[in-house]
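Student: Please show me the model, and then let us work through it by question and answer.

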Amino acid sequence: MDEGDNFRGDKVDSGESAFMNGLFSPGVGSGTHMLLRLVLVALNVILLGMAVAGINSPHSAIMFLLSVGLTGSYFWFMMELAKASKSD
């Protein structure tokens, strides 16, 4: 089987191959961070909508506040990590 083949024997384009190689490389890639940012923002939007609509009344508001805290702490941590890597 060629390096450019997948398990079915189909040819894989370089974009898909690079994506698969990125999945199995050590560390966390920039695509993972982008996906996490999108998921956190979507979670905040959904929970805010639920809180405004009054669905599951006190619980959705509390979960929204917790989600905002989680999102804020993630963005703060990534900002501090970028500062630390610039100074090194």
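Tutor: Begin with a definition: buried means under 20% relative accessible area, exposed over 50%, and partly exposed in between, with a 1.4 Å probe and protein chains only. This is a predicted model, in which local features need pLDDT of at least 70, side-chain atom pairs count only at pLDDT 80 or more, and totals for chains, interfaces and linings use all residues. Residues are numbered from 1 along each chain as its sequence is written, and side-chain values use heavy atoms, with hydrogens and water left out.

Student: Is Asn 56 buried, partly exposed or exposed?

Tutor: Asn 56 sits in the loop between α2 and α3. Its relative accessible area is 48%, between the limits of 20% and 50%, so Asn 56 is partly exposed.

Student: What is the phi of Asn 56?

Tutor: Asn 56 is a residue other than glycine, and its phi is positive. The value is near 55 degrees.

Student: Which residues does Ile 55 touch, not counting residues up to four places away in sequence?

Tutor: Ile 55 is also in the loop between α2 and α3, and it is partly exposed at a relative accessible area of 47%. Contact means heavy atoms within 4.5 Å. On that basis Ile 55 touches Met 50 and Ser 60.

Student: How many helices and strands does the protein have?

Tutor: Helices (H or I, at least four residues) and strands (E, at least two) are DSSP runs, numbered from the N terminus. From the N terminus on, the elements run α-α-α. The count is 3 helices and 0 strands.

Student: Are α2 and α3 roughly parallel or roughly antiparallel to each other?

Tutor: Two packed helices are described by the angle between their axes and the distance between the axes. Axes are lines fitted to C-alpha atoms, for helices over the stretch in contact, and angles run from 0 to 180 degrees between N-to-C directions. Helix α3 covers residues 57–87, and its axis lies 9 Å from that of α2, at an angle of about 155 degrees. Angles under 35 degrees count as roughly parallel, over 145 as roughly antiparallel, 65 to 115 as roughly perpendicular and the rest as oblique, so α2 and α3 are roughly antiparallel.

Student: Is Thr 71 buried or exposed?

Tutor: Thr 71 lies in helix α3. Beyond four places in sequence, Thr 71 is in contact with Leu 40 and Asn 44. Its relative accessibility is 7%, so Thr 71 counts as buried.
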